[in-house]
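Subject: Handover of a structure and notes on it

Dear colleague,

Please find below the structure that I am passing on to you.

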Amino acid sequence: MKKLTKSAVMALSLLAGFSAVTAAAVLAGSSAVPYETNGQAAPHTGRPNRVNANGQTYGTAGDKLYDEDIPELIAVIGDHGVQGYVTKEDYMDDDGVTCPEEAVAYMEAKARGEIPVKVWTVYEADGITPVDTFTVGNS
Amino acid sequence: MITVTKSLFFDSVKGFLCGALISTLSVCTVMSVSAAAYTTGAESVMSPPNRTYYAYNTLATGKEYGQKYARGFTHVYTNDNMPGGYMGVRPAVYDENDNALMVGSWTYSPNNISDYSNVAAVFSISGNPAVYSQGRARVWNTQINDYWTYATFRTPFLNDYT
């Protein structure tokens, strides 16, 4: 009886721990799976990424739906028409807005002209040589 | 019998020409802004706990005051009016080689609405490149107090700027 009780306790504990970690993994993070209206998770799509001499992946982002598929260097046409790459860090930046209250304050600051225009550096595929700039904005 | 004097005739001609000029200017103003083509991408479903949101992209191309443009919109909506900041979008326009031509800044929904969108626009396009619109959307997850961010499905290509 004692053995059965100990086994049951261990099994329940294992199950509880497994469930807690799984739930945390599902709920955590801000990058989510896009679903089609038929309930299916969207497929992984897009051109394959390449790797430069520094070991960084480079390629395209507009054709990809999952953040993990987006390369470290993302293809753009710069402000002066030069094709190059911006960093994934720049591309994925969310202006540090972490909640609706901050979003509202951010939009108010934007309306007052207090949010500076972002300008990303455009690099060659080596991720080191700057070739152009890329101004972020709505027009 | 109606007598048409010389001055009356010239007055009528002047009037006719003025009317024609005004009409021409009006027509030119209307015709200088046109959406030559418009398309909509597939809708995606975003389901943080307790709420379902939907997102999609649209794209319009055309010519405005002699300049070719492409305007890509990212839309997000839900079934109820939401507090401010619950929905955010970041639209973008890409070319046929998937190079980003324009990436908009993140913007967020005002208070008490259920449908929000914003635009990324490219002007002074040369040639007739095929472009598409694809963006990102953020929706507030009330269960974990964090945003969930999704890429949205792209639109079909457009290359009509007439």
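Predicted model: local features only at pLDDT ≥ 70, side-chain atom pairs only at ≥ 80, totals over all residues.

Residues are numbered from 1 along each chain as its sequence is written, chains are lettered from A and ligands numbered from 1 in the order in which they are written, and side-chain values use heavy atoms, with hydrogens and water left out.

The largest nonpolar core has 22 residues. A nonpolar core here is a set of buried Ala, Val, Leu, Ile, Met, Phe, Trp, Tyr and Cys residues joined through side-chain atoms within 4.5 Å; buried means under 20% relative accessible area (1.4 Å probe, protein chains only). Among the residues with the most contacts inside this core are Met46(B) and Tyr53(B). Helix α3 (100–111) of chain A supplies at least two of its residues, as does, for example, β3 (53–64) of chain B. Helices (H or I, at least four residues) and strands (E, at least two) are DSSP runs, numbered from the N terminus. Another core, of 15 residues, lies apart from it and includes Ile74(A) and Tyr132(B).

The buried residues of α3(A) are Pro100(A), Ala103(A), Tyr106(A) and Ala109(A). Their cover includes β8 (107–108), β11 and β12 of chain B. Just after the helix, Gly113(A) takes a positive phi of about 80°.

Strand β6 (residues 92–95) of chain B is covered on both faces: Ala92(B) and Tyr94(B) on one side, and Val93(B) and Asp95(B) on the other, are all buried. β6(B) runs antiparallel to β7 (residues 100–103) of chain B, with 3 bridges joining them; strands pair if DSSP finds at least two bridges between them. The two form a hairpin with 4 residues between them, and Asp98(B) in the turn has a positive phi of about 65°. β6(B) also pairs in the antiparallel sense with β10 (residues 131–133) of chain B over 3 bridges, where Asp95(B) stands opposite Val131(B).

Finally, Arg136(B) lies in strand β11 of chain B and is buried, with a relative accessible area of 6%. Its side chain is joined to that of Asp67(A) by a polar contact of 3.1 Å (a pair of N or O atoms within 3.5 Å; within protein, one must be able to donate a hydrogen and the other to accept it, and residues adjacent in sequence count only if both atoms are side-chain atoms).

Yours sincerely

Notes:
Buried < 20%, exposed > 50% of the residue type's maximum accessible area, 1.4 Å probe, protein only. Contact = heavy atoms within 4.5 Å.
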